[in-house]
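Me: I have a new model open. Walk me through how to read it, from the overall fold to the single residue.

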Amino acid sequence: MFQPDKSRYQKMAYRRCGNSGLLLPEISLGLWHNFGGVDVFENGRAMVRHAFDNGITHFDLANNYGPPPGSAEENFGRILKKDFGGYLRDELVISTKAGYHMWNGPYGEWGSRKYLLSSLDQSLKRMKLDYVDIFYSHRPDPDTPMEETMGALASALSSGKALYVGLSNYDATQTLKALDILDQLGIKCLIHQPKYSMFVRDAENGLLDLLKERGVGCIPYSPLAQGLLTDRYLSGIPDNSRAAKSHGFLQKEDVSDDKISRVIQLKTIADQRGQSISQLALAWILRHQNITTVLIGASSVEQLNHNLQTLQNTQFDAAALSAIENILA
Ligand SMILES: NC(=O)c1ccc[n+]([C@@H]2O[C@H](COP(=O)([O-])OP(=O)(O)OC[C@H]3O[C@@H](n4cnc5c(N)ncnc54)[C@H](OP(=O)(O)O)[C@@H]3O)[C@@H](O)[C@H]2O)c1
């Protein structure tokens, strides 16, 4: 029987999610890679337990995580049952999403009411849960009226199948429209999940400011650019890395000479701070006080543990920030 570390809440800092009542840990764990049917179940289970032991209360999923699609939710459901049964459910914030392709036919992706609400039911069945804490529209749908997609999120709330709702991959203009529609429905968007890292900075073009202004939390995903912003690829592409896996979303060509040369330069700054490259990259995001939590992935307990040490130093002086800007420019 899993006995979580009694001191877990002393090991983590929690930030308020926008203007809501919900606090989230500064680091959250995502189950996109390394928790699917193709992966070693006990490794994923060990990471979830280690995360919780260290104060990570928030676990992020989506209908299609695997591979095969759905298997990460199934495996997470098994972990919940084995280790988190009973009272521990109330100590967890579990999110899922619908938006990308999940099943065949016209109702298996995008943003219709039909798809979103059917998908939520499927996710709950796979995880063997009565409700999720956060249900996201995973991407905007150019062909479905946004009123319909937001209406489906509202129904997820009113049915009790989700406690909060969120948006992911909506740009600033799309987010503004969605927030206005949700306001008209009398619903608050809890959180936005954009891709954001030292290498992917689109969120700085209005989105981060908008979220702050509207009191919406922010949980950046792929903060390590899927592993590029670590020491993983400094001497080639290791066989067990995401870029080497046929089902990994990081492609070999993404590990470019240009990216690696910037990572090597970032390492100098990380060294000066007594941090690793991954710790520098995570701290660089967490320095924004209006970012609620950084959503990492990991393939081992060691990586997760290493990334947790980031929290010992998330402050930057102006000189370090400017040196980083010069490297990223
Ligand atoms: N909303 C969306 O559309 C969306 C899209 C993508 C992701 N997400 C969410 O964001 C989560 C995180 O995404 P991500 O996995 O791409 O995040 P990430 O943190 O940028 O990348 C994680 C990968 O980096 C490598 N890594 C992590 N720590 C390391 C360390 N200390 N040293 C060396 N390598 C290290 C590992 O790669 P190896 O496997 O090679 O070891 C790990 O799998 C996902 O699980 C998901 O929940 C959401």
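**Reading the fold**

Reply: Start with contact range. Among contacts between residues at least 6 apart in sequence, 75% join residues at least 24 apart. Keep in mind that this is a predicted model.

Me: How do I judge the overall dimensions? What radius of gyration does the protein have?
Reply: For 329 residues, a compact globule would have a radius of gyration near 20 Å; the protein has 19 Å, so the two agree. The C-alpha trace spans about 50 × 45 × 40 Å along its principal axes. As for burial, 44% of the 329 residues count as buried.

Me: Now helix packing. At what angle do the axes of H7 and H8 cross?
Reply: Look at the distance between the axes, then the angle. Helix H7 covers residues 257–272 and helix H8 residues 277–286; their axes come within 9 Å and cross at roughly 80°. H7 is therefore roughly perpendicular to H8. H7 brings Val263, Leu266, Lys267, Ile269 and Ala270 to the contact, and H8 brings Ile277, Gln279 and Leu280. By class, these residues are 6 nonpolar, 1 polar and 1 charged.

Me: Why do residues three or four places apart point the same way in an α-helix?
Reply: Because an α-helix has 3.6 residues a turn.

Me: How many residues of H8 are buried?
Reply: Go through the helix residue by residue. In H8, 10 of the 10 residues are buried, so the helix is largely enclosed by the rest of the structure. Among them are Ser278, Trp284 and Leu286. The buried residues of H8 pack against H7, S10, H9 and helix H10 (318–328).

Me: How do I read a ligand site? Which residues are closest to the ligand?
Reply: List the shell, then sort it. Here 30 residues surround the ligand, and the closest are Gly30, Trp32, Tyr221, Gly227 and Gly297. The shell has 9 nonpolar, 18 polar and 3 charged residues. Strand S10 (294–296) and helix H9 (301–308) each supply at least two residues. H9 gives the most, with 3.

Me: Take a single residue. Is Tyr136 buried or exposed?
Reply: Count its C-beta neighbours. Tyr136 has 30 other C-beta atoms within 10 Å, so it is buried; the cut-off is 20. Tyr136 sits in strand S6 (residues 132–137). Beyond its neighbours within four places in sequence, Tyr136 contacts Ser95, Lys97, Gly166, Leu167, Ser168 and Gln193. Leu153 is 17 residues from Tyr136 in sequence, with a C-alpha to C-alpha distance of 7.7 Å.

How values were computed. Residues are numbered from 1 along each chain as its sequence is written. This is a predicted model: local features need pLDDT of at least 70, side-chain atom pairs count only at pLDDT 80 or more; totals for chains, interfaces and linings use all residues. A residue is near a molecule or strand if its C-beta atom, placed from the backbone, lies within 6 Å of it. Helices (H or I, at least four residues) and strands (E, at least two) are DSSP runs, numbered from the N terminus. Ala, Val, Leu, Ile, Met, Phe, Trp, Tyr, Cys and Pro count as nonpolar, Asp, Glu, Lys and Arg as charged, and the others, Gly among them, as polar. The radius of gyration is taken over C-alpha atoms; the globule rule is 2.2 Å times the number of residues to the power 0.38. A residue is buried if 20 or more other C-beta atoms lie within 10 Å of its own, exposed if 12 or fewer, and partly exposed in between; C-beta atoms are placed from the backbone. Two residues are in contact if their C-beta atoms, placed from the backbone, lie within 7 Å. Axes are lines fitted to C-alpha atoms, for helices over the stretch in contact, and angles run from 0 to 180 degrees between N-to-C directions. Angles under 35 degrees count as roughly parallel, over 145 as roughly antiparallel, 65 to 115 as roughly perpendicular and the rest as oblique.
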